[in-house]
Amino acid sequence: MSTPLVTDNLAPELAEPVLALAEAARAADGIAALSEHTLLRIRHGAPSGSSRFHVVSDDGRVVGFAFVERVEGEPDAGEVVVDPAHRRAGHGSALLRSVRDDAGPDGVRVWAHGRTPGAVSVAAADGWVPVRELHKMRMPLRDLGPEVPGGPWTAPELPGPELRPEVAEKVRIRPFVVGQDEQAWLDANARAFADHPEQGALTLDDLLQREVEDWFDPRGFFVAATNSGSIAAYHWTKTHADGAGLSDDETVGEVYVVGVDPAWQGSGLGRALTLAGLVHLRDAGLPWVHLYVDGDNEAAVRLYESLGFSMWDTDVMFAPADDRA
């Protein structure tokens, strides 16, 4: 078994094999082992000093990969994937050792998306323990028959995204305007997620990379613009042509991210914008919508349950047992 190659700049000749490996794992497991953010880093590269790429090869073939993102003052956050045809050969353990040995001063955490038995088993065997959960919730946007697993499903009635009069006087909900709203959105996102390094640290390059993705549609990116031109809150929706595990042959939607400036907390903007996005996805004819929410964010879970979402799956973040925060 090869020792992982560790680099902060993934060579172009390695990017395509890594992407092919990720797709093979997604097809075999029914869930993506690498997040969109990681895939963008593989395709476009990463800012200097922000990322580490770990690649395991066997007879010249890429058989394992790990990506780690670094944010100052926080543990490194990583993901690991092994080629389905080369599992149970120690590659997963080798990658976990590699990211741990290479970790920054605050240690490292690794996500297991979908809490697959294989990933959980490898983590436990190597002494990694759960430290965080990210729940995945789903909701039907139209009535689905009994041929759908767990069906029949009934779509809930969605009220209109109404604002309280005193809020409506100060903001207007409208679609994001490409070429105009980028900086205002970045400022709002940083304020809304000041304590959430994975989201709050997004840069203009990160945003522009997403704007050229096939799924990007500004008509499904809603902002609450203030009279002064700032953004008080937003709801960015996303679509998944591959069905995201919810459908075999139809595009489905996602509540990609909802953010509210702390100065506007309690204004009702979060709920109104969420509803605006859900109605947009429903009117586009999509059968399902899903979202991710932190396991300890009980208020958000209650909000989404009140709208008709139910628990579906859970991602788990693991850390080495002897360096848990």
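A salt bridge here is a side-chain nitrogen of Lys or Arg within 4 Å of a carboxyl oxygen of Asp or Glu. In this predicted model, Asp102 and Arg52 make such a pair, with their closest N and O atoms 2.8 Å apart. Asp102 sits in the loop between α3 and β5 (108-112), while Arg52 belongs to strand β2 (residues 51-58), so the bridge ties together parts that are 50 residues apart in sequence. The pair also takes part in a network of salt bridges that links Arg52, Arg70, Asp76 and Asp102.

By this rule, the count of salt bridges comes to 20. One of them joins Asp29 to Arg87, at 3.0 Å between the closest N and O atoms. Because Asp29 lies in helix α1 (residues 12-29) and Arg87 in the loop between β4 (76-82) and α3, parts 58 residues apart in sequence are tied together. Asp29 is partly exposed, at 32% relative accessibility, and Arg87 is partly exposed too, at 31%.

Another bridge pairs Glu36 with Arg210 (3.6 Å, N to O). Glu36 is in helix α2 (residues 36-44) and Arg210 in helix α8, so this pair spans 174 residues of sequence. Glu36 is buried, with a relative accessible area of 16%, and Arg210 is buried at 4%.

Helix α8 (residues 204-211) also packs against helix α6 (residues 182-192), at an angle of about 120° and with the axes 10 Å apart. That angle makes α6 oblique to α8, and the crossing is right-handed. Glu182, Trp185 and Leu186 of α6 meet Leu204, Leu207, Leu208 and Glu211 of α8. These contact residues divide into five nonpolar, no polar and two charged.

Conventions: Residues numbered from 1 in each chain as written. Predicted model: local features only at pLDDT ≥ 70, side-chain atom pairs only at ≥ 80, totals over all residues. Heavy atoms only, no water. Axes fitted to C-alpha atoms, helices over the stretch in contact; angles between N-to-C directions. Helix = DSSP H or I, 4+ residues; strand = E, 2+ residues; numbered from the N terminus. Parallel < 35°, antiparallel > 145°, perpendicular 65-115°, else oblique. Left-handed = near helix turned anticlockwise from the far one by under 90°. Contact = heavy atoms within 4.5 Å. Nonpolar A, V, L, I, M, F, W, Y, C, P; charged D, E, K, R; others polar. Buried < 20%, exposed > 50% of the residue type's maximum accessible area, 1.4 Å probe, protein only.
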